[in-house]
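Colleague: Could you take a close look at one helix in this model for me, and at what surrounds it? Please spell out the cut-offs as you go.

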Amino acid sequence: MEKYKADSERYNKMNYRRTGNSGLLLPELSLGLWHNFGENDDFENARNLLKCAFDNGITHFDLANNYGPPYGSAEKTFGKILKKDFKKYRDELIISSKAGYDMWEGPYGNFGSKKYLISSLDQSLQRMDLEYVDIFYHHRPDYDTPLEETMGALDLMVRQGKALYVGLSNYQPKEAEKAFKILKELGTPCLIHQPRYSLFYRWIEDGLIDLLGNSGVGTICFSPLAQGMLTDKYINGLPKDSRAVKDGRYLKTDQVMEMLPKIKALNEVAKSRNQNLAQMAISWILKDDRITSVLIGASKTEQILDSIKATENTTFSEEELARINAILA
């Protein structure tokens, strides 16, 4: 079989933004491996998703220790694809992983202790067959472990050469501010924060995005399409193969039905911008220059290509913003 050769035009197809005050540029879209890279997912499809992303200038692949299912399997899949297709492109890739949620049994397989974080990163590196990750995140705050211990572990990873940069995910403004201060004093500044953010979930506007902008920390947003609600998938009801119907863990059918009038109204705004709803939802996040990147998930290459079109129009008129805010009020 012919070896993979990346598209020579890839860097002309994507815009890149500086991550906070750092030297690191990230693509406006990054690919998350939360779904579709588990043990029972189609391996060839997973390969094609990564190739399609990279061929279009998406250089950042985002993982976590427990992505799968089962836990760890997304990193194993990614490691195999890296070896097969991307080995010679390693220095063109930003690979991130995280720890903070449930990973293995017992008291050392969860939360934010130094014991857990250091061993989790070691395991992630083993699964992906890497010497280092580009970004390592603490995946969620741990209110029982001193913040100094958790941040000290992140600092140690960088000093050990196992991570180039560190970040936080799901931290509220108050803890984030304390964490930034500790990391700065240790000499390993926080590169980036990864919060959930979408038209339907705007909590970062209550202080976090201002803090990140003022602190020179980048922002990469996950769930920009609100688990698929901000697409045209549900406009005419509940398709049998949709996530809400098949897997009610993250999105319930009654949630979709409740939001349907708003989804339909937002879809009309998107049409008036010559975008589909998913594209507008991504563009709307990227309109703020404090946002570094938007993390998309995909089960098909067409979804990646569709999302990329969102980067072509990230400006909104005052009238469009007023219409959107009125729908969401």
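Modeller: Helix α4 covers residues 147–159, 13 residues in total, where helices are DSSP runs of H or I with at least four residues, strands are runs of E with at least two, and both are numbered from the N terminus. From first C-alpha to last, α4 reaches 18 Å, close to the 18 Å expected at 1.5 Å a residue; that expected span is 1.5 Å times one less than the number of residues. This is a predicted model, in which local features need pLDDT of at least 70 and side-chain atom pairs count only at pLDDT 80 or more, while totals for chains, interfaces and linings use all residues. Residues are numbered from 1 along each chain as its sequence is written, and side-chain values use heavy atoms, with hydrogens and water left out.

Now for the buried side of the story. Buried means under 20% relative accessible area, exposed over 50% and partly exposed in between, using a 1.4 Å probe and protein chains only. In α4, the buried residues are Leu-147, Thr-150, Met-151, Gly-152, Ala-153, Leu-154, Asp-155 and Met-157. An α-helix has 3.6 residues a turn, so residues three or four places apart point the same way. The partners that the buried residues of α4 pack against are the helices α3 (114–128) and α5 and the strands β6 (133–138) and β7, with contact meaning heavy atoms within 4.5 Å. Just after α4, Gly-161 takes a positive phi of about 80 degrees.

Two of those partners turn up elsewhere: β7 (163–169) and α5 (173–186) each supply at least two residues of the lining of the second largest pocket. The largest share of that lining, four residues, comes from α5.
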